[in-house]
Amino acid sequence: VINPWLIPFMPSLGFRYLENVITMHRAPQALPPPPQSNISLRNGYLEDLHGIIHIDHSAFNPPWQMSATDIRLSQRQAASCTLAIYNNQVLGYEIATRHHTAGHLARLAVHPQAQGNRVGQVLLHNLLSRFMQRGVKGMTVNTQESNIRSQRLYERFGFLRNGFDLEVWEMDL
């Protein structure tokens with residue numbers, strides 16, 4: 001809900017509060033040292049769509065999962081789509097956009113079996129390094145308020161909450 005005046009009316013319209021999405025911002029600053037890892041990175045392409053969908057749907061529960069169409073459109077509009085690979089298996093991915101000197105991390109997902117193994121750190125460090133080299137000064141990201149693991153990752157890289165939290169409401173159709 002973007003307009004707070006709607007909130008009192010949401011339950012009577014059949015909506016249920018789900019949770020907040022928080023927005024974080026990273027100002028220009030030095031990066032932490034790159035994480036030590038045997039993970040390799042490569043660009044994501046159209047032929048990787050099924051692997052990306054598998055990662056996304058494994059990492060997120062509904063309603064946070066992206067559809068194949070949403071992921072494909074995100075890839076097409078992205079300034080960056082990177083896959084994290086180990087033993088020829090895709091463990092995670094990121095999709096980010098860029099507008100002049102501002103960037104937005106639209107999606108970072110790591111397969112649950114690979115979480116805690118620095119996959120997200122490797123992807124995020126690589127993205128921020130490349131964007132900084134291209135003149136990106138600030139970066140934003142959104143995440144669910146309940147996703148403490150992602151918030152900690154972003155905070156490790158200098159992201160801070162900027163106060164633009166949004167309530168998410170849902171309705172059965």
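Q: Which element gives the most to the lining of the largest pocket?
A: That is β5, with seven residues. β5 covers 102-110 and is named as a strand because strands are DSSP runs of E of at least two residues, helices being runs of H or I of at least four, numbered from the N terminus. This is a predicted model, where local features need pLDDT of at least 70, side-chain atom pairs count only at pLDDT 80 or more, and totals for chains, interfaces and linings use all residues. Residues are numbered from 1 along each chain as its sequence is written, and side-chain values use heavy atoms, without hydrogens and water.

Q: What makes Leu108 one of the residues with the most contacts inside the largest nonpolar core?
A: Such a core is a set of buried Ala, Val, Leu, Ile, Met, Phe, Trp, Tyr and Cys residues joined through side-chain atoms within 4.5 Å, where buried means under 20% relative accessible area (1.4 Å probe, protein chains only). The core has 24 residues, and Leu108 is listed with Leu105, Tyr154 and others as having the most contacts inside it. Beyond its neighbours within four places in sequence, Leu108 is in contact with residues including Phe60, Leu124, Leu153 and Tyr154; contact means heavy atoms within 4.5 Å.

Q: Which element gives the largest share of this core?
A: It is α3, with seven residues.

Terms used: Buried < 20%, exposed > 50% of the residue type's maximum accessible area, 1.4 Å probe, protein only.
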